[in-house]
Amino acid sequence: MASSSALAPAAVREMQRDLESQANALSKIQKDISKNHEVRKQFTIQVGENELVLKELELLNDGANVYKLIGPVLVKQDLAEAKANVKKRIEYISAELKRMDRALKDLEDKQNSKKESIIRLQQKMQAVQAKA
């Protein structure tokens, strides 16, 4: 009986190390989720801005002058080309948003799995401590 109680503190220490490791992993996942939200917010803003630009371009007559800012210089650009560029930018950013959504779902699944694992480990530790 004395040998099993001597093993309990070692087992608890091992579980505590494992718990700390899993808590650190959970913290990293939560930071990644936070970064994902920040990047998503920027992409959402960019899509909104580009959709507004496209609406403004749609209001112009075919012969209207359109200028693109390149560095400190305004360069004349064809209206159709300007519309195509903005549409392409919206498509690209929208695709990035979808990719970010998939990554966020994966991170949230990992987070939930890690939380469940931590809870199981905590319950196991309590059971071992109660026996000791």
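A contact here means heavy atoms within 4.5 Å. Among contacts in the protein chain between residues at least 6 apart in sequence, 76% join residues at least 24 apart. The model is predicted, so local features need pLDDT of at least 70 and side-chain atom pairs count only at pLDDT 80 or more, while totals for chains, interfaces and linings use all residues. Residues are numbered from 1 along each chain as its sequence is written, and side-chain values use heavy atoms, with hydrogens and water left out.

**Overall architecture**

The protein chain has two helices and two strands, in the order α-β-β-α along the sequence. Its radius of gyration is 27 Å, well over the 14 Å that the globule rule gives for 132 residues, so the chain is more spread out than a compact globule. That radius is taken over C-alpha atoms, and the globule rule is 2.2 Å times the number of residues to the power 0.38. Helices (H or I, at least four residues) and strands (E, at least two) are DSSP runs, numbered from the N terminus. The C-alpha trace spans about 95 × 25 × 15 Å along its principal axes. Of the 132 residues, 24% count as buried; buried means under 20% relative accessible area, exposed over 50%, and partly exposed in between (1.4 Å probe, protein chains only).

The UniProt annotation "coiled-coil region", from an unreviewed entry, covers residues 90-124. UniProt positions follow the numbering used here, feature names are shortened, and annotations may be inferred rather than shown by experiment. In the model, residues 90-124 are 100% helix and 0% strand, with end C-alpha atoms 51 Å apart.

**Salt bridges**

The structure holds seven salt bridges, each defined as a side-chain nitrogen of Lys or Arg within 4 Å of a carboxyl oxygen of Asp or Glu. The table gives some of them.

| Pair | N to O distance |
|---|---|
| Lys 28 and Asp 32 | 3.1 Å |
| Glu 38 and Lys 41 | 3.9 Å |
| Arg 40 and Asp 101 | 2.4 Å |

Arg 40 lies in helix α1 and Asp 101 in helix α2 (residues 79-131), so this pair ties together parts that are 61 residues apart in sequence. Arg 40 is partly exposed at 24% relative accessibility, and Asp 101 is partly exposed at 34%. Lys 28 and Asp 32 are four residues apart in helix α1, a separation of about one helical turn. Lys 28 is exposed, with a relative accessible area of 51%, whereas Asp 32 is partly exposed at 23%.
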